Amino acid sequence: MQKKYISRLILVVFVLAVIVGYKYFDLGQYLTLENLKSNQQGLAAYYNEHTLGFIGIYLLIYILMAALSFPGATVLTLAGGAIFGFWMGTLIVSVASTVGATLAFLGSRFLFKETVQTKFKDKLVKFNEGFQKEGAFYLLTLRLLPIFPFFLINLLMGLTPIRTITYFFVSQIGMLPGTAVYVNAGTQLAQIESLKGILSLPVILSFAVMGILPLLTKIILRFYKNRKLYSKFKKPKKFDYNLVAIGGGSAGLVTAYIAAAVKAKVALIEKHKMGGDCLNTGCVPSKALIRSSKVASLIRRANEFGIDSSIAEVDFSKVMNRVQKVIETIEPHDSMERYESLGVNCVQGEAKILSPYEIQINEKIITTKNIVIATGASPLVPPITGLDKIPFLTSDNLWKLKTKPNRLLILGGGPIGCELAQSFSRLGSEVSLVEMSARILSREDEDVSSLIKKKFIADGVRVLTGHKAKEFKTVEGKKILLADNNGQDVEIEFDEVVVALGRKANVKGFGLEELNVEITDKGTVHVDEYLRTKYHNIYACGDVAGPYQFTHTASHQAWYCAVNALFSPFKKFKVDYRVIPWCTFTDPEVARVGVNEIEAKEQGLAYDVTTYGIDDLDRAIAESEAHGFVKVLTKKGSDKILGVTIVGDHAGEIIIEYVTAMKFNLGLNKILSTIHIYPTFSEANKFAAGQWKKKNAPKSLLRWVEKFHSLNMG
């Protein structure tokens with residue numbers, strides 16, 4: 001670090017010395033049109049006598065001038081044409097200007113890039129991604145447009161991630177037309193009265209046309225690429241629908257709802273149950289189960305609340321019946337009848353995409369202008385030896401249980417596994433939670449995992465972190481998991497096993513393979529920033545597209561799919577992932593928005609941490625739920641919120657204030673100045689903001705204020 005600092009200092013001193021020398025000796029007087037015209041014959045004679053030496057001196061001067069962004073490059077270019085002629089002059093000037101520009105680029109990168117990228121890292125993520133993809137295109141456009149000063153392009157490009165070799169060759173190509181114009185003018189030096197006279201209106205217009213040429217080329221290439229892509233498919237003269245959504249989960253439902261709301265003709269195809277995983281096997285049943293387990297836990301804690309009767313006898317079949325009743329109660333919200341009444345044509349059956357315009361459903365082919373893939377995801381079942389030889393449960397079939405498992409094994413310490421482990425333990429099962437990583441909820445900070453683990457152990461969950469499932473076997477009628485714990489084999493007996501190791505996108509069996517739709521390394525459908533596949537009338541949203549597998553994110557993406565599909569090319573929107581919250585519904589809940597400490601360190605963000613312990617909160621104390629914390633990450637030296645993690649009762653509700661604040665760029669000072677109802681759990685947000693304010697109070701100002709008050713007392 002010290003060596004880099006010294007090197008930078010040397011470079012700055014060198015540049016300053018050259019600038020001072022240039023000004024002190026008034027070298028600019030030699031780089032004028034009048035001086036060039038008066039010395040043209042002498043320079044030409046010297047060139048004829050010392051050809052290579054003159055070229056070398058010319059190159060050195062030009063490169064130095066371009067590298068240091070000194071004025072005079074125009075005159076030097078004219079001199080190149082006047083002395084070397086058009087072809088040789090164009091070659092020499094092109095090389096010199098490109099080398100000089102690249103040196104300026106490298107100087108800017110060496111001096112400023114690290115500082116700028118570190119200071120504005122969170123704001124430059126999308127910018128950097130764009131430059132990595134299309135930096136050459138952006139640079140070429142700027143080079144061809146004469147309205148952008150070249151020295152400014154050199155300096156700013158040094159701050160981007162564009163490769164040096166790319167910068168060199170694209171700059172040479174982009175500057176070549178302008179170089180040729182000025183070199184050619186130099187061959188007619190005697191007729192030039194001023195530098196302004198070189199760029200006539202026709203020449204400027206020609207440069208402008210060249211400047212938009214890359215954009216026009218890109219549009220034309222995209223047009224022909226799409227034309228070639230669609231050429232093997234016959235486009236109907238008239239469509240049956242404006243949009244067809246495949247999948248009746250959250251993503252498909254919202255897509256269809258929006259399309260119907262704007263009076264588009266829309267169809268929704270669902271092969272199983274309306275409402276998708278969230279209603280039938282995910283969010284709704286799991287929260288119903290969690291609630292029953294919470295009540296059982298509260299009854300056992302009755303003495304804490306001054307109530308003597310504290311026997312919690314769990315009737316597991318009744319618990320599961322209640323889960324089904326909750327699903328049945330919510331079901332009408334997502335039913336075909338409701339969506340039909342809204343103007344959506346709902347179809348039960350398996351869809352098969354035949355082309356970008358055709359879908360086969362129940363042996364009938366329908367045509368549509370746009371398709372939205374919203375097929376969701378399924379439980380991930382890894383190829384563990386012996387697993388296929390025993391009946392196992394997942395989040396799909398778990399809800400058919402009618403008898404409580406005495407010994408329940410849960411594979412996976414992520415959100416789903418943790419929620420189920422605590423719930424079943426509270427309902428009376430002996431639960432063993434097996435997680436390969438060193439801790440449960442490994443995406444969260446270590447203090448979060450530690451607190452939840454302690455709570456699990458208190459609830460009777462056997463937490464086995466650092467255990468990798470090796471083999472399932474049955475010995476004398478006993479089901480056993482053989483797990484590896486730091487090289488030691490551990491046997492775990494169980495009656496039922498739940499595989500909760502994540503979910504995989506549903507991308508097979510409905511035509512994507514035949515259309516060669518690209519699938520990402522994570523197994524999701526590859527979409528661009530508008531949620532389009534390579535076929536720009538086929539979109540994807542929800543779990544099948546990722547990158548987040550949350551119901552609320554699926555709904556969020558669905559809006560973009562519907563609007564972009566129905567109103568492109570007149571208007572389209574890039575999907576916005578800047579503020580995505582989520583919650584794990586353990587007890588206590590774990591809610592998060594933005595980055596946590598793990599991610600902030602990985603991204604190299606400069607941040608401050610403010611933590612408020614909920615054990616200090618009056619409402620939490622009154623409800624005997626005085627545990628957990630609010631942890632806020634703010635930009636170093638600022639109240640700008642980078643991320644928030646809340647562990648505690650109602651964390652999923654409390655965090656909404658921070659979601660709103662981050663969405664609309666409100667800092668902790670705004671939260672501190674907002675009135676919060678007393679006594680509520682949401683007061684924790686105000687107290688966390690107060691903690692930040694206390695740490696960041698202006699100490700010197702407070703000392704003066706203290707003196708003022710002292711004097712004010714007489």
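Predicted model: local features only at pLDDT ≥ 70, side-chain atom pairs only at ≥ 80, totals over all residues.
Visitor: Why is S171 called buried?
Guide: Buried means under 20% relative accessible area. S171 has 0% relative accessibility, so it counts as buried. This serine sits in helix α9, residues 164–187. Leaving aside neighbours within four places in sequence, S171 is in contact with T98, L139 and R143.

Visitor: And what makes I614 count as buried?
Guide: The cut-off is under 20%, and I614 is at 2% relative accessibility, so I614 counts as buried too. You will find I614 in the loop between β19 and α20 (618–622).

Visitor: Which residues does I614 touch?
Guide: Not counting residues up to four places away in sequence, I614 touches A620, E625, A626, H627, G628, F629, V630, I646, V647 and G648. As for E653, I614 lies 39 residues from it in sequence and 15 Å from it in space, C-alpha to C-alpha.

Visitor: How do you know that β20 and β21 pair?
Guide: Two strands pair if DSSP finds at least two bridges between them. Six bridges join β20 (residues 629–635) to β21 (residues 641–648), and the two strands run antiparallel. Therefore they meet the requirement of at least two.

Visitor: What makes β17 and β18 a pair?
Guide: Here four bridges join the strands, which again run antiparallel. At least two are needed, so β17 and β18 pair. In β18, V590 is the bridge partner of T584. A hairpin through four residues leads from β17 to β18.

Visitor: Which strands are the edge strands of the sheet, and what makes them edges?
Guide: The open sheet has five strands, in the order β17-β18-β21-β20-β19, with antiparallel pairing. The edges are β17 (581–584) and β19 (607–613), each of which pairs on one side only. From one strand to the next, the twist averages 10 degrees.

Visitor: Which helix lies across β19, β20 and β21?
Guide: That is helix α24 (residues 683–695), which runs at about 130 degrees to β19.

Visitor: How do you know that the buried residues of α22 line one face?
Guide: In helix α22 (residues 656–663), the buried residues are Y658, V659, A661 and M662. Seen down the helix axis, they fall within an arc of 165 degrees, so they line one face of α22. These buried residues pack against β17, β18 (589–594), β20, β21, α23 (668–672) and α24. Just after α22, N665 takes a positive phi of about 55 degrees.

Visitor: How do helices α4 and α6 pack?
Guide: Helix α4 (residues 51–67) and helix α6 (residues 86–119) pack at about 35 degrees, with their axes 7 Å apart. Their crossing is right-handed. Among the residues making the contact are I55, Y58 and L59 of α4 and I92, V93 and A96 of α6.

Visitor: Which residues have the most contacts inside the largest nonpolar core?
Guide: They are I353 and I359, in a core of 55 residues. Not counting residues up to four places away in sequence, I353 touches I246, E358, I359, I371, I373, F510, G511, L512 and L515. A second, separate core of 34 residues includes A288, F316, F456 and V463.

Technical notes: Residues numbered from 1 in each chain as written. Heavy atoms only, no water. Axes fitted to C-alpha atoms, helices over the stretch in contact; angles between N-to-C directions. Contact = heavy atoms within 4.5 Å. Buried < 20%, exposed > 50% of the residue type's maximum accessible area, 1.4 Å probe, protein only. Arc of directions from axis to C-beta. Core = buried A, V, L, I, M, F, W, Y, C linked by side-chain atoms within 4.5 Å. Left-handed = near helix turned anticlockwise from the far one by under 90°.
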